[in-house]
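Here is a walk through the model, one step at a time. Keep the structure open as you read.

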Amino acid sequence: MTELDQLMAGGPVVTDGAWGTQLYARGLPPGDVPDSWNLTHPDRVEEVGRAYVEAGSQVILTNTLLASRLMLAGYGLAEQTVEINRAGAAISRRAGQGRARVFASMGPSGKMLLAGDVTEDQLLEAFREQARALAEGGADALLIETMSDLGEATLAVRAAAETGLPVVACMVFDSGKGKDRTLMGTTPEDAAQALEAAGASVVGANCGSGVAGYVAVCRRMHSASRRPIWIKANAGLPELVDGVARYRMTAEEFAGYVPALVEAGASFIGGCCGTGPEHVRAIVAALSQGRP
Amino acid sequence: MSDLSELYLAILNGDTKGTLALTKEALAGGADPLDLVTRYMAPAMTEVGRLFECEEYFVPELMRSAQAMKGALELIRPLLTASGAEPAGRVVIGTVKGDRHDIGKNLVASMLEGGGFEVYDIGADVSPEKFVQAVRQHNPDLVCLSTLLTVTMRAVPLTIQALKDAGLRDSVRVLVGGAPVTEQWALDIGADGYGANAAAAVPLARRMVGKA
């Protein structure tokens, strides 16, 4: 039995909520890259992880979504890539206190293959560097997330799998008439199959246009792949209040979708934009209701 | 000379190589450059925009067609300039201060270029002062502001204010776009227009310069 199987043996696994907004709430200046706080404010980053563990997260992520060299270069932080990732994994390990596993986050490079911004080799190299540093920092698994381009996502999966750690890979489905395609037009079925083929142990969807639409996305990925499904959806769509985006969906409303997600085959459930520890508590409560 | 409807199809299908070959062939055969643009190339991009709007085309198709169009325009533009034809308009485009996302902005820029605009892309994380400077330098018809992050959206009204303070606001139309932006918000903060996506940006821009 692999470590992932053990984790899933008790039923659907509760992951965590958003990190970026939690850090902005703790004083991160708008426009700063959250990942830089792994070096400058590790205590506050750890607080976010701890809050999720306290709320019942069995898996927490790391504050490393934007920490590939290609993305950090835009913030003048390329030379700190390895440090930021190692620190991010180590911080989440401390926050996990042995009670939660650490799935280290790897997001998009911010460069587009199709536009010729970057080559496949450059992407592979950048993801390899990040994956190695996260593994060295103590990650239990690597999570490729918030991907819009299947080509970039599969390169990231390949690079991450080289560490020997389990790899979770998920994409954003927010385009097309049914909000069930990636920005590049990929369907949930095609994404699930390609990510599995690239070496992902778990496939899924995160961010997007709200949790409601991800029930069908979950079902479709589940039917197309033998892999467990990971769903980390947004708390609905943001509304602009005084020029600032706010997610109005309550934690209880969000958790109302948990039974449908489980029925659709989700093995890992958490939240993305607009969710916090209260959403995790509500997910835990919703799952415990369904258990004897 | 081959059938020029093939030029239309080459752009529609995002076939840059074919588009360039057909354009060269047509020009060598004595076709009128302006005629090529208005009868075949621009209608192809309009159809690309329509297919994107009704979600038969996605970003990859959009980009391939815009690249084909851009390549053909590079061949044709010198001839148009020589004949006194002007670009559809001049555009300064950038992502606002604090936000380093540039994929959406780049897409809009390439669609506008494909739509016949002369585009000055001044990058991402652009301060209001830099926008003011670029407007002074390039004297554009349109200023396009992109924002993806909710936390940096406030830089959009600040940029518009900076254009006002510099006395430049009335010389340009300001267009706004980006994931968190809505039409209502764009109008509330004093922009002239809002585009929901890269394809919508072109008809909007043409309308704004009075060439719709």
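Predicted model: local features only at pLDDT ≥ 70, side-chain atom pairs only at ≥ 80, totals over all residues.

Start at a strand pair in chain B. Strand 4 of chain B, residues 173-177, is joined to strand 5 of chain B by two bridges, and the two strands run parallel.

Strands of a sheet pair through backbone hydrogen bonds, in either a parallel or an antiparallel way. In chain B the pairing is parallel, and five strands form an open sheet in the order 2-1-3-4-5. Which strands are the edge strands? They are strand 2 (118-121) and strand 5 (193-194) of chain B, and each of them pairs on one side only.

Helix 6 of chain B, residues 128-138, lies across strand 1 (90-95), strand 2 and strand 3 (142-146) of chain B. Its angle to strand 1 of chain B is about 165°.

Helices also meet each other. The axes of helix 1 (residues 5-12) and helix 4 (residues 59-82) of chain B come within 7 Å and cross at roughly 135°. Angles over 145 degrees would count as roughly antiparallel, and those from 65 to 115 as roughly perpendicular; helix 1 of chain B is therefore oblique to helix 4 of chain B. Helix 1 of chain B brings B:Ala10, B:Ile11 and B:Leu12 to the contact, and helix 4 of chain B brings B:Ser65, B:Ala68 and B:Met69. Five of these residues are nonpolar, one is polar and none is charged.

Step back to the whole of chain B. The chain holds nine helices and five strands. Read from the N terminus, the elements run α-α-α-α-β-α-β-α-β-α-β-α-β-α. The C-alpha trace of chain B spans about 55 × 35 × 25 Å along its principal axes. Why does a radius of gyration of 17 Å agree with a compact globule? Because a compact globule of 212 residues would have a value near 17 Å, and chain B has 17 Å. Of the 212 residues in chain B, 50% are buried. Among contacts in chain B between residues at least 6 apart in sequence, 74% join residues at least 24 apart.

Finally, turn to the partner chain. The contact takes 21 residues from chain A and 21 residues from chain B. On the side of chain A that touches chain B, strand 8 (238-241) and strand 9 (244-247) of chain A each supply at least two residues. That side of chain A has twelve nonpolar, seven polar and two charged residues.

Notes: Residues numbered from 1 in each chain as written. Chains lettered and ligands numbered in written order. Helix = DSSP H or I, 4+ residues; strand = E, 2+ residues; numbered from the N terminus. Rg over C-alpha atoms; globule rule 2.2 N^0.38 Å. Buried ≥ 20, exposed ≤ 12 C-beta atoms within 10 Å, placed from the backbone. Contact = placed C-beta atoms within 7 Å. Pairing = 2+ DSSP bridges. Axes fitted to C-alpha atoms, helices over the stretch in contact; angles between N-to-C directions. Parallel < 35°, antiparallel > 145°, perpendicular 65-115°, else oblique. Nonpolar A, V, L, I, M, F, W, Y, C, P; charged D, E, K, R; others polar.
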